[in-house]
Amino acid sequence: MEVVILKDADDVAVHGAALVEAMLRVKPQAVFGFATGGTPRALYRRLAERQRAGEVSFSRSTSFNLDEYLGLPPDSPQSYRAYMRREFFDRVDIDPAATHLPECAPGEDPQRVGPRYEAMIREAGGIDLQILGIGHNGHIGFNEPSSSLASRTRVKTLTPRTLEANSRLFDDDEFQPRLAITMGIATIMEARRILLLATGEAKAAAVAGLVEGPVTAMCPASALQLHERVTVLLDEAAAAKLRHRAYYDLAYRENRALKERFGDFYAAD
Ligand code: F6R
C-alpha cells in the first residue's frame, strides 16, 4: 500500500488527477471505477478542467460506479447517476453509453442487478483503476462494517451512521433510501489498481483502520491491505492518526525518485 500524505484537499485532487491521467496515457480505453460523495468532487472538477484544456480525454474509456441508491424515483436529483452527470459525465467527453451504475429499473427484482453488473464489468475486461472514498465507519462503496470480505455486487442495508452522514444531501421532506446496491468487497479487490482518497479529520480514525488496523470486516477498507496496488492519497488532517507517518513520507520520496528515473508506475503493466 502506498500512502501519500499531501498538504490539503486541493493537493489530493491534483495528485489524484495526475494518476488518472497517467492511466489514460498508457491505456486510453481504460475502464474506471468511480465513487460519489464529497471527497472526489474536487478530483472530478480537476479532471474536467484538464479535459477542457485538451490534456486528457475520456472518449475511449468506460466506467462503472461503485453504488446506487435503491428506491429513488427515476431522474431523482439525489441519485448517484444524477450526481455523476452533474459532477463529471456532463463535463467531460466520456460516452454516456459507456457509463454504468448498478441501477435497478422500476419493478425489477433488485437481487438480479448485482450478478448482471458483475457480468458487465467482466465483459468490459475488468476495472483498470478504481477510485474510492472511505466512510467514517471504514466502509468502501456501501460495504458497511460486517460486510463479507468476499462479497459481490448486491443489495445492502445502510447503517444509521451512514444514513445520518448522507442526510445532509436530502431535504427534510424528501425520501432518503435505506437500501443501496453496491459493488462488493471482492468486486473492488479485482480492480487492477485502486486509488483511495480521504480528506478531513473526520476520516482520520477510518484511515488508521484502513492502513494500520487488523484486516477485519468491521473496517471493510482494511481488506485493501490484501491488494497489491493500492495508493492512498490523504491530506494532513486525514493522516493525523497514523502511527507510522514518517515511514510513509520516506517511502513515498524513495518511490518518487525511482519513478523519476525509471518511468511512472503504470508503465510496468
Ligand atoms: C460513494 C461511496 C462511499 C463514499 C464514502 C465517503 O460512491 O461509495 O463509500 O466514498 O461514504 O463519502 P464522502 O466522500 O462524502 O465523505
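Here are legends for close-up views of this predicted model.

Residues are numbered from 1 along each chain as its sequence is written, and side-chain values use heavy atoms, without hydrogens or water. Local features need pLDDT of at least 70 and side-chain atom pairs count only at pLDDT 80 or more, while totals for chains, interfaces and linings use all residues.

**View 1. The shell around the ligand.**

View 2. Polar side-chain atoms of His 139 and Lys 203 each lie 2.6 Å from an oxygen atom of the ligand. At Gly 38, a backbone N or O atom lies 2.8 Å from a ligand oxygen atom. Taken alone the ligand exposes 410 Å², of which the protein buries 91% (Shrake-Rupley method, 1.4 Å probe).

**View 3. A salt bridge between Arg 152 and Glu 118.** The closest N and O atoms of this pair are 2.7 Å apart; a salt bridge is a side-chain nitrogen of Lys or Arg within 4 Å of a carboxyl oxygen of Asp or Glu. Arg 152 lies in the loop between strands S6 (129-132) and S7 (154-157) and Glu 118 in helix H4 (residues 113-123), so the pair ties together parts 34 residues apart in sequence (DSSP runs, helices of at least four residues and strands of at least two, numbered from the N terminus).

Definitions and conventions
A polar contact is a pair of N or O atoms within 3.5 Å; within protein, one must be able to donate a hydrogen and the other to accept it, and residues adjacent in sequence count only if both atoms are side-chain atoms.
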